[in-house]
Amino acid sequence: MFPSRRKAAQLPWEDGRWDISSCPSPRSLPHPQQEPRGRIYRGSSLPRPIAGLASAPPQRKPPPHDNGGSRLIPSGLPRKCSVFHLFVACLLLGFLSLLWLQLSCSGDVARAARGQAQEAPGPSRACPPEPPREHWEAEWWGPHRLAVLVPFRERFEELLVFVPHMHRFLSRKKIPHHIYVLNQVDHFRFNRAALINVGFLESGNSTDYIAMHDVDLLPLNEELDYGFPEAGPFHVASPELHPLYHYKTYVGGILLLSKQHYQLCNGMSNRFWGWGREDDEFYRRIKGAGLQLFRPSGITTGYKTFRHLHDPAWRKRDQKRIAAQKQEQFKVDREGGLSTVKYRVDSRTALSVGGAPCTVLNILLDCDQAATPWCTFS
């Protein structure tokens with residue numbers, strides 16, 4: 001009834017000769033327009049999917065916060081590899097920060113290692129300058145400790161030279177020491193002997209011998225002995241070596257005594273206001289206590305053993321004798337001394353002068369004007 005039609009040619013997969021399941025899915029075929037441009041993967045050990053073998057899984061999309069992955073870390077690497085690299089970078093930065101702190105604050109790090117520094121909590125700040133401390137830098141130098149007592153008033157130019165010089169001199173000789181600047185700040189006349197009594201009491205039990213030391217006298221000969229005077233008082237600035245004073249009974253300038261011997265003499269007399277005569281009276285106390293006086297031997301530098309800083313044209317000495325002072329200055333004070341000194345320490349300050357530590361005591365002496373009316377100029 002209908003016109004005959006030509007039988008259509010049978011396709012290969014219609015007669016069962018081809019397995020259609022083995023053909024690639026259209027979705028798995030590569031699409032050139034979807035290939036990212038300008039991105040080159042190198043060094044990745046992951047194989048690329050081969051088109052036509054099997055259906056490839058859907059492409060993994062990066063999380064929203066990654067923005068497609070970093071250009072420094074390939075997005076094809078596992079996430080744990082990226083975290084590992086960040087961890088290593090943090091460790092490296094932390095190590096470099098610690099190294100910088102150690103180099104910039106080496107003084108604080110060293111003190112912390114010795115257990116002498118206590119870091120206060122708070123924000124990081126620049127390394128502060130090291131404060132001077134009243135301490136003994138090398139306790140292994142010897143069992144004895146020297147207190148250098150320096151009577152002082154308004155001679156700052158000499159002090160700036162004295163403290164660094166003495167600190168270096170005694171350190172080279174490996175003598176544990178500390179310098180006490182006894183600064184008289186009251187309105188009375190200068191009293192060297194009373195200041196030495198105060199320095200003896202204020203140096204405490206950390207020292208076992210003292211050096212009564214003028215601020216204007218610097219030792220230059222390294223052979224001078226500043227060791228512990230066990231046998232008796234040791235007069236370093238002997239008359240044979242002192243540049244100015246050469247009489248036999250002179251014991252001024254620099255005199256070393258153990259604290260036991262100083263107490264045996266009851267210290268020095270407090271009656272000498274103004275300049276001079278207090279060391280002559282102390283020579284009589286030494287002899288009265290039955291102590292033998294020792295002096296240096298074998299020193300060949302003579303009067304060049306010391307450097308004398310005092311300029312008499314610039315620093316006028318108070319040599320006035322008021323009221324009965326002229327007669328009283330030659331008498332021996334058998335009652336006053338270490339046990340009768342009256343004073344008050346206004347302040348105690350640790351300083352560093354030219355890198356050398358010292359302690360400045362601002363001292364207010366008390367004067368019994370009925371007993372010694374010459375303590376004032378009026």
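Buried, as I use the word here, means under 20% relative accessible area. By that cut-off Tyr226, at 0% relative accessibility, counts as buried. Everything I will show comes from a predicted model.

I will stay with Tyr226 for a moment, and with its partner. Tyr226 forms an aromatic pair with Phe169, with 5.6 Å from centre to centre and 70° between the planes, an edge-to-face arrangement. Phe169 belongs to helix α3, residues 156–172, while Tyr226 is in the loop between β4 (217–219) and β5 (234–235), so the pair ties together parts that are 57 residues apart in sequence. Phe169 has 1% relative accessibility, so this residue counts as buried too.

That pair is one of eight aromatic pairs in the structure. Another is Phe152 with Phe156: the ring centres are 5.2 Å apart and the planes stand at 75°, so this pair is also edge-to-face. Phe152, at 1% relative accessibility, counts as buried.

Glu154 lies in the loop between β1 (146–152) and α3. Its phi is positive, near 50°, and the residue is not a glycine. Most residues other than glycine have a negative phi. Is Glu154 buried or exposed? At 55% relative accessibility, Glu154 counts as exposed, because the cut-off for that is over 50%. A positive phi, of about 55°, is also found at Lys174, again not a glycine. Lys174 sits in the loop between α3 and β2, the strand of residues 177–184.

Back to the rings. Phe200, Tyr262 and Phe282 make up one aromatic cluster. Over the ring of Phe200 sits the charged end of Lys259, 5.2 Å from the ring centre.

Next, the cysteines. There is one disulfide. Cys367 and Cys375 form this link, with their sulfur atoms 2.0 Å apart. The angle about the S-S bond is -90°, and the link is left-handed. Both Cys367 and Cys375 are buried. Two further cysteines can be set beside them. Cys90 has a relative accessible area of 55%, so Cys90 is exposed. Cys265 has a relative accessible area of 6%, so Cys265 is buried.

One last contact between parts of the chain. Leu244 is in the loop between β5 and β6. Its C-alpha atom is separated by 8.4 Å from that of Tyr303, and the two residues are 59 apart along the chain.

To recap two items: Phe169 and Tyr226 pair edge-to-face, and the disulfide is formed by Cys367 and Cys375. That is where I will stop.

Notes
Residues are numbered from 1 along each chain as its sequence is written. This is a predicted model: local features need pLDDT of at least 70, side-chain atom pairs count only at pLDDT 80 or more; totals for chains, interfaces and linings use all residues. Side-chain values use heavy atoms; hydrogens and water are left out. Rings of Phe, Tyr and Trp (its six-membered ring) pair if their centres lie within 6.5 Å; planes under 30 degrees apart count as stacked, over 60 as edge-to-face and the rest as tilted. Buried means under 20% relative accessible area, exposed over 50%, partly exposed in between (1.4 Å probe, protein chains only). Helices (H or I, at least four residues) and strands (E, at least two) are DSSP runs, numbered from the N terminus. A charge sits over a ring if NZ of Lys or CZ of Arg is within 6 Å of the ring centre and within 35 degrees of the ring normal. A disulfide is a pair of cysteine sulfur atoms within 2.5 Å.
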